[in-house]
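This briefing is for a reader who is new to the structure shown below. Please keep the sequence and the model in view while reading.

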Amino acid sequence: GCGAPMTVEHALCCKVGGLVHIRHDDVADEWRHLCGCALSFGRVEREPRIYSSVSRQQRLDASSDAPSGEEDAPTASTDQTPPTGERGDASAHGFWQRGRTAIFDVRITDTQSRSYRNKDYQKVLVQQEKEKKNQYLRPCLEMRKDFTPLVYSVDGIAGREAKNAEKRLAYHLSEKLRKRVLCSDSNGHCRGTRKQPSDPRQ
C-alpha cells in the first residue's frame, strides 16, 4: 500500500492497490453483462473507440482546401488531430434506437471527498455527467452513435443519465424475458405473472 492510515475515506480515494479501478471495472463488467442478456452478447462491445481515425472537421478542412475538379488532391494536414486512443467502457447496438449504437462510459465518484464536501451530491453527479458529455458526445454523434455517461456515487446513487439508462435496460430485459410486473397490493409489493402449471394427473 501507500503507507497511509487505512480509513474509510482513504480507502475510497487511494489509487494505490487498485481498489478505485476495481470498483469501476466491476460496474462496467456488470453493465456489459446485463446489456448482453437484454439484447444479445453479439451486440455488446468492450471498450469501443470513441474517436474515429479522421474527425469530421478534418474531412471538411481537406475538402475545402482541395482544388476543384481534382479528386486525387493530397489531403491538407492539420494540427487538430483528435485523440484516437479514447475509448468508452461499453457499447450496445440497438439500446436507445434500432440500428444505432450507444456508447457508455462509467464514472464512480466519492461525493464525500474533500473537494466535494461542501457541495450537494446531486450537483456533483450532474457536473460529472456534463463533463463526460462535453468531452465525448460530439465525436460520438459524428460517428452516428449515441453517448450516455453512467455516473454513480460510491454509495450507489445513480445520476440522471444512468437512471434513464437503467430504465431502458429494464425495458429490454422485460421484453426479452416476456414478463409483466403487476403491483398487486397497497404495500407496493410486486409479483410477476406466471403461467399456471399443468395438472400432472392429466
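R46 is exposed, with a relative accessible area of 52%. This residue belongs to a predicted model, and its side chain meets that of D29 in a salt bridge, at 3.3 Å from N to O.

**Salt bridge between R46 and D29**

- The structure holds eight salt bridges, and the pair of R46 and D29 is one of them.
- R46 sits in strand β1 (residues 44–46) and D29 in helix α2 (residues 19–38), so this pair ties together parts that are 17 residues apart in sequence.
- D29 is partly exposed, at a relative accessible area of 36%, whereas R46 is exposed.
- Through salt bridges with shared partners, D29, R32 and R46 are joined into one network.

**Salt bridge between D146 and R100**

- D146 and R100 form a salt bridge through their side chains, with 2.9 Å from N to O.
- Distant parts of the chain are linked here: D146 is in strand β4 (residues 146–153), while R100 is in the loop between β2 (90–93) and β3 (101–109), 46 residues apart.
- D146 counts as buried because its relative accessibility of 18% falls under the 20% limit.
- R100 is partly exposed, with a relative accessible area of 21%.

**Salt bridge between R107 and E131**

- The side chains of R107 and E131 also meet in a salt bridge, at 3.1 Å from N to O.
- R107 lies in strand β3 and E131 in helix α4 (residues 121–142), so the pair links distant parts of the chain, 24 residues apart.
- Both residues are partly exposed: the relative accessible area is 24% for R107 and 37% for E131.

**Cysteines**

- How many disulfides does a search of the whole structure find? The search finds zero.
- C35 is in no disulfide, and the nearest cysteine sulfur, that of C37, is 9.3 Å away; a disulfide would need the two sulfur atoms within 2.5 Å.
- C35 is buried, with a relative accessible area of 2%.
- C140 is buried as well, with a relative accessible area of 0%.

**Helix α4: length and bend**

- α4 has 22 residues, which at 1.5 Å a residue should span 32 Å, and its end C-alpha atoms are 32 Å apart, in agreement with that figure.
- Where does α4 bend? The bend is at Y136 and amounts to about 40°, and a proline, P139, follows within four residues.

**Helix α4: buried residues**

- The buried residues of α4 are V124, L125, Q128, E129, K132, Y136, P139 and C140.
- What covers the buried residues of α4? The cover includes β3, β4 and α5 (160–177).
- Strand β3 also holds R107, the salt-bridge partner of E131 in α4.

**Helix α4: its two ends**

- At the start of α4, a side-chain oxygen of D120 comes to within 3.1 Å of the backbone nitrogen of Q122.
- Just after α4, R144 takes a positive phi of about 60°.

Definitions and conventions: Residues are numbered from 1 along each chain as its sequence is written. This is a predicted model: local features need pLDDT of at least 70, side-chain atom pairs count only at pLDDT 80 or more; totals for chains, interfaces and linings use all residues. Side-chain values use heavy atoms; hydrogens and water are left out. Buried means under 20% relative accessible area, exposed over 50%, partly exposed in between (1.4 Å probe, protein chains only). A salt bridge is a side-chain nitrogen of Lys or Arg within 4 Å of a carboxyl oxygen of Asp or Glu. The expected span of a helix is 1.5 Å times one less than its number of residues. The bend at a residue is the angle between axes fitted to the seven residues ending there and the seven starting there. Contact means heavy atoms within 4.5 Å. A polar contact is a pair of N or O atoms within 3.5 Å; within protein, one must be able to donate a hydrogen and the other to accept it, and residues adjacent in sequence count only if both atoms are side-chain atoms.
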